Amino acid sequence: MPVPSGGGFFVSLGYGDDMEITGAEIVCESLLKEGVEVMFGLPGGAVLPLYGALSGYPNIRHVLVRHEQAAVMAADGYARATGRVGVCTATSGPGATNLVTGIAGAMMDSIPVVVITGQVPRAAIGRDAFQETDVTGITLPITKHSYLVMQASEIAQAIREAFHIARTGRPGPVLVDIPKDVLLDERAEFVWPEQVNLPGYNPPGEADPEQIARAAELINQSERPVIFAGHGVLISHAYEELAQLAEKAQIPVAPTLLGISSFPTSHYLNMGMSGMHGWAHSSLAIDEADLLISLGNAVRRPDYRQDQGLCPPCQDSPRGR
Amino acid sequence: MSPNGQHHHTLVALVEDRPGVLTRIASMFRRRGFNIASLAVGKSEQPGLSRMTFVVTGDEDTVSQVTKQLDKLIEVIRVSNISSEEMVARELALVKVKATADSRAEIIQIVNLFRAGIVDVGPQSMVIEVTGEEDKINALQNLLQPFGIMEMLRTGVVAMVRGQSGGRVNDGAGQGMELSALKTIGEKR
Amino acid sequence: MDVDPSEIDKNVRATAPVVGSVKQVLRQLLPLVESNVHMDWLRRVDALRSEHPPMLIRQTDGLLPQYVLRALTEATQGQAIVVTGVGQHQMWAAQFCSFTEPNTLITSGGLGSMGYEVPGALGAKMGRPDKTVWSIAGDGGFQMTMCDLATAVENNIDVKFAIFNNGTLGMVHQWQDLFYKKDYFATVYSGNPDFVKLAEAYGIPGIRVTEKDQVAGAIQQAMETPGPAVIDFVVTREENVYPMIPAGESVNEMMEEPIPESIE
């Protein structure tokens with residue numbers, strides 16, 4: 001299909017400048033560059049140009065859902081099962097608002113999902129047009145980041161950054177909202193940025209040796225340590241390292257709900273989940289521990305009170321349903 | 001400082017100058033229940049980047065969270081809590097005060113005392129421009145109150161660390177987020 | 001230890017914070033950690049375990065969800081991907097299923113959104129076609145997203161759906177039982193569809209299980225069926241998840257069931 005950037009003389013055959021492709025095609029090319037094999041979605045007016053282009057990209061499998069919530073939750077399930085970025089798409093307005101619960105879930109659990117929504121044409125934005133919602137506004141607090149792309153020439157950059165932000169550091173959902181006319185009418189050259197330039201985004205690399213030394217000191221001094229293994233163990237693929245730590249120093253492990261599969265259930269050091277509905281001995285052991293080693297665990301119980309001792313503040317069924 | 005550890009903190013953030021950045025920052029403050037006492041935004045010395053000065057009220061833990069949450073925003077390049085540093089902090093205020101023939105001389109005397117300026121004079125009023133630290137503006141405001149303040153507008157504090165340290169992105173601040181985040185954590189211990 | 005600096009000290013103050021990805025941190029930390037045996041401590045943990053034995057399922061005529069989950073995890077040898085909804089069945093799955101590989105328990109933890117079990121499982125299966133994927137559903141959550149059974153059919157996504165059908169919003173029902181004077185207002189689902197017929201309407205085999213001795217056979221049958229299948233496990237309604245530490249309370253307030261006289 002489209003031609004990468006580069007100089008050289010080009011003979012136009014009367015179909016316009018073939019170096020340029022539509023915004024929708026740029027989206028598809030960008031997804032291919034990111035290695036996307038499957039996406040979940042449900043079309044509608046504003047996103048239809050993207051679907052028009054998608055049919056020409058058989059290497060991107062599109063799974064048609066019955067409700068947009070399923071599209072984002074399936075992308076989330078895909079991401080959790082594979083560790084790769086899940087992708088979903090929906091149209092503007094109701095399509096976009098139906099995504100909200102799934103996006104919020106991905107945000108809370110740090111799941112890398114890229115959400116692509118169609119938006120009403122640029123000229124209609126802000127005019128309460130048919131099927132218009134301010135989806136970047138609505139999802140502001142429940143996305144790691146979001147883009148409203150106003151030029152076809154900016155799509156590739158936005159998608160490149162969206163995937164980068166979604167999967168690095170503490171992962172999370174990133175939304176890319178693209179007006180219909182940017183997908184359909186605008187043409188631009190497809191230039192895949194080799195690098196992202198995000199000066200304000202620097203996920204931690206090496207940990208501070210002083211902090212590490214202090215943690216090691218506490219672990220070595222501890223008589224009653226417990227490892228509180230959270231989702232971060234799975235996200236960072238630290239399965240082996242967790243087992244090594246537990247075995248080397250013979251430390252019992254209490255996984256959180258999201259961390260359960262970070263440590264084999266049958267392992268002799270696995271006490272099982274603690275917390276609201278965790279096993280009693282696991283919660284009691286945490287209560288008696290002199291050191292809690294919290295690994296990638298959003299210590300989340302809002303009603304947790306530190307003055308009540310080391311009651312496990314783990315991630316459990318928080319809504320009581 | 002109030003009894004429960006609540007006090008003012010001055011944070012300076014270097015941010016990308018793009019649509020939606022202010023919304024994102026304001027939304028984060030609202031969602032996490034933080035209060036902004038004042039906020040001033042303007043261009044920085046670097047094209048495409050703005051500098052924001054926040055004055056935030058809260059205890060140490062709250063301010064540490066505010067700093068870290070600001071740092072997490074993609075468009076925020078760097079945040080520093082400069083409260084404990086030697087800094088220059090200034091605010092500008094415009095005060096429209098009632099001024100009759102009788103009171104005018106007295107007002108001018110107060111204005112001169114504060115090294116403030118008179119930027120507009122009407123038959124019944126004057127507009128006074130004053131720059132300075134918050135306390136100075138508060139003091140002027142108190143002195144003008146008896147004459148009748150018709151309207152007042154304050155810009156909010158802008159602040160800068162004294163001395164050599166620069167705020168450029170490339171001043172060893174490539175890892176701005178990490179450094180400032182770690183610093184915030186370290187400072188509390 | 002967290003990759004997100006803002007998580008540190010957010011809800012609980014850390015004595016020693018470490019910022020970094022867990023893998024990176026552990027790699028740096030491991031050489032500095034001394035080998036240890038913690039003999040007394042592990043003995044103490046064992047003693048706690050004997051005083052409060054986990055994984056017990058009391059013997060009863062009714063069909064307990066715990067019994068089903070244990071059978072399911074035995075049938076899959078802990079190698080399936082388990083995708084749950086939110087509520088009692090989720091907690092029982094966390095308690096009674098065993099896992100041998102990373103990323104095999106998939107559940108809505110922080111937000112806790114019911115209905116995740118259907119689309120979440122479809123996505124997991126699309127990502128890991130080599131794995132057996134079980135959707136562990138409540139009858140409440142299943143009805144929130146069951147329209148996407150059509151998606152499973154259309155794309156032949158081989159997910160096995162196990163509905164834990166107690167005809168209630170189980171966890172809310174449990175809270176009403178314990179904290180709201182058994183006022184079961186708005187938690188009983190009396191108009192549930194026939195899930196077997198529903199599955200059949202989508203062209204998916206549906207199996208109803210009401211007795212313990214049907215459980216293993218039904219699971220086997222579902223796993224041998226190519227493509228999606230639905231099992232409607234009609235489980236005991238009045239069953240609470242224990243142990244339970246009430247919201248906002250400490251471990252001292254933990255509620256436990258008495259150790260049963262006879263167990264399954």
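Residues are numbered from 1 along each chain as its sequence is written, chains are lettered from A and ligands numbered from 1 in the order in which they are written. In this predicted model, local features need pLDDT of at least 70 and side-chain atom pairs count only at pLDDT 80 or more, while totals for chains, interfaces and linings use all residues.

**View 1. Chain A meets chain C.** On the chain A side, 100 residues are in contact with 96 residues of chain C. Contact means that C-beta atoms, placed from the backbone, lie within 7 Å. Helix α3 (residues 68–82) of chain A supplies the largest share of the chain A side, 11 residues. Helices (H or I, at least four residues) and strands (E, at least two) are DSSP runs, numbered from the N terminus. By class, the chain A side holds 49 nonpolar, 33 polar and 18 charged residues. Ala, Val, Leu, Ile, Met, Phe, Trp, Tyr, Cys and Pro count as nonpolar; Asp, Glu, Lys and Arg as charged; the others, Gly among them, as polar.

**View 2. Helix α9 of chain A packs with helix α1 of chain C.** Two packed helices are described by the angle between their axes and the distance between the axes. Here α9 (residues 209–221) of chain A and α1 (residues 22–29) of chain C pack at about 65 degrees, with axes 10 Å apart. Axes are lines fitted to C-alpha atoms, for helices over the stretch in contact, and angles run from 0 to 180 degrees between N-to-C directions. The pair α9(A) and α1(C) is therefore roughly perpendicular. Angles under 35 degrees count as roughly parallel, over 145 as roughly antiparallel, 65 to 115 as roughly perpendicular and the rest as oblique. From α9(A), the contact uses A:Ile212, A:Ala215 and A:Ala216; from α1(C), it uses C:Val25, C:Gln28 and C:Leu29. These contact residues comprise 5 nonpolar, 1 polar and no charged.

**View 3. A:Val114 sits in the largest nonpolar core.** This core has 176 residues, and A:Val113, A:Val114 and A:Val176 have the most contacts inside it. A nonpolar core is a set of buried Ala, Val, Leu, Ile, Met, Phe, Trp, Tyr and Cys residues joined through C-beta atoms within 7 Å. A residue is buried if 20 or more other C-beta atoms lie within 10 Å of its own, exposed if 12 or fewer, and partly exposed in between; C-beta atoms are placed from the backbone. Helix α3(A) gives the most to this core, 9 residues. Neighbours within four places in sequence aside, A:Val114 has contacts that include A:Val85, A:Val87, A:Phe163 and A:Val176.

**View 4. Two residues other than glycine have positive phi.** Most residues other than glycine have a negative phi, and most peptide bonds are trans. A:Asp128 has a phi of about 55 degrees. A:Asp128 lies in the loop between β5 (113–119) and α6 (135–138) of chain A. A:Asp128 counts as exposed, with 9 C-beta neighbours inside 10 Å. For C:Asn156, phi is near 45 degrees. C:Asn156 is in the loop between α7 (149–154) and β4 (159–165) of chain C.

View 5. The bond from C:Tyr242 to C:Pro243 is cis, with omega near 0 degrees. C:Pro243 lies in the segment after β6 (229–234) of chain C.

**View 6. Chain B has 5 helices and 9 strands.** Of the 189 residues in chain B, 30% are buried.

Definitions and conventions: Contact = placed C-beta atoms within 7 Å.
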